[in-house]
Amino acid sequence: MLQRGVAALFFVAFLSSLNQFPALVGEHGLLPVPEYLAGFHRLRRPSLFRFRYSDRLFRWVCAVGLVVAGLLVVGVPQMGPWWVPLVAFLVLWALYMSIVNVGQTFYGFGWEMLLLEAGFTVAFLGSDQVPPPRPVLILLVWLVFRLEFGAGMIKIRGGAEWRNLTALYYHHETQPMPGPLSRQFHLLPKWMHRSEVVGNHVAQLVVPFFLFFPQPVGSVAAAVVVVTQLWLVLSGNFAWLNWSAIILAFAAMGDSALHAVLPFVPADLSSASWNAASPENTGRMTAWPASGDWSAWVWVAVVLAASLLLLVLSWWPAKNLVSRQQLMNASFNRWQLVNTYGAFGSVTKNRVEIVVEGTLDTVPAEDAEWREYRFRGKPGEPERIPRQWAPYHLRLDWLMWFLPLRTVHEEWFYTFLMKLLNADPAMLRLLREDPFDGERPRWIRARSALYEFSSHAEFRETHQRWVVTPLRVLIRPIGLKDR
């Protein structure tokens, strides 16, 4: 569950990057990597692209990542010696870290470092030839604890809406990328929203401590984490954040508990796998290697060294958890290991969308025929049902959500508008609909609009899921002098 699940998330991450990275930050992207690297004499964080970047090299990196992740998902490296899956996961970790460290704002999400830390840690679970090392399992539980408890503390220390239990009056409507059921969640009675917040506080501030308890308490706590994360999966799109928590929670779950829910899983999965691979080691799951078994002793040394490293690095995030100035989604080392996590310390009360429009008219007056560009995940047409995208990550759509919270006058956004004026094919492929079918518009502008979920009565009358109220033009019409 742990190794194959994390490998599956790596596969999704590399696929998402392969489809979007070149257009966003590639050689001719919105924030080109070559220009980013040229601005620094030395890139502080490690990356294979530190001295040379090209879109072709990037695609090779993604191709290797997809192949290695795919092999881990089907369990091929796990059939060999302990060092084979170890090397495979470290390759995924190094390749994806190389992408994240040059991805700039489009890769500034907490689930990027979460995937890197998870990939590094599960590498030391070994293969079917060795028993799962207990120190590594405990460190994975510690990762889940930081993920859940850190998010809970961020909320308690954040906006008053989490303390007065009103946060979910707004969150389902104003979250970055609603899902197909988000409107139904938003229209639940307010007493249920308050109950959701109470349940969230219990799940993130109380339950994580029980993950460290012996069975069956640890399994019950892990089950609570899984159920609450599935609730979040149903109510929105948060890339692979929720799926990461679900997969990692299995570190605290006993095999017998998993067998009770999924009968096809052996009741003693670890022993079954270990003993099938090495019959001579039957009954010696926790025994030290024989004196002459040098490969096994090397494995023990590797596990202890990695565990000690992660234990030492845990000091800074542990200190951060109890700090009044708690950091959210921060790394304390250049390798992005043992990080601190958290999300939605405050909740946006109104959903303001940036609407991008173009026109073929010569004069860009208000009565011109303005046509709207449609995004894949960002709300657009009032009648359209939001789609389920997670664990796939739509990076452009997420950055569009941040614009009204900060400013539309971002360098990448102006470059984005220029790309649309030139009908750039790579950029248009990131959108769901080009209103000009590849033709270059004469003018383009950006305006804001208030989006609110329609009530049951409004939906019965209009059959529209959003009530859209135009606000104002934020970027006046822009055109190219030489078309």
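Biologist: Where is proline 216 found?

Modeller: Proline 216 sits in the loop between α11 and α12 (217-235); helices (H or I, at least four residues) and strands (E, at least two) are DSSP runs, numbered from the N terminus. This is a predicted model, where local features need pLDDT of at least 70, side-chain atom pairs count only at pLDDT 80 or more, and totals for chains, interfaces and linings use all residues. Residues are numbered from 1 along each chain as its sequence is written, and side-chain values use heavy atoms, with hydrogens and water left out.

Biologist: Is the bond joining glutamine 215 and proline 216 cis or trans?

Modeller: Cis, with omega about 5°. The peptide bond from alanine 390 to proline 391 is also cis, with omega near 10°. Proline 391 is in the loop between β2 (371-372) and α18 (395-402).

Biologist: Why flag those?

Modeller: Because most peptide bonds are trans, and most residues other than glycine have a negative phi.

Biologist: Is aspartate 437 buried or exposed?

Modeller: Exposed, because its relative accessibility is 75%; the cut-offs are buried under 20% relative accessible area, exposed over 50% and partly exposed in between (1.4 Å probe, protein chains only). Histidine 463 has a positive phi too, near 60°, and at 52% relative accessibility it counts as exposed.

Biologist: Now histidine 186. Why does it count as buried?

Modeller: Histidine 186 counts as buried because its relative accessibility is 16%. It is in helix α9 (residues 182-186).

Biologist: What does histidine 186 touch, not counting residues up to four places away in sequence?

Modeller: Tyr169, His172, Glu173, His193 and Phe453, where contact means heavy atoms within 4.5 Å.

Biologist: And leucine 66, which residues is that in contact with, leaving aside neighbours within four places?

Modeller: Phe11, Phe14, Leu15 and Leu18. Leucine 66 belongs to helix α3 (residues 55-74) and is buried, with a relative accessible area of 15%.

Biologist: Changing topic, which helices each supply at least two residues of the nonpolar patch?

Modeller: α10 (190-205) and α11 (207-210). Valine 206, in the loop between those two helices, is partly exposed because its relative accessibility is 41%.
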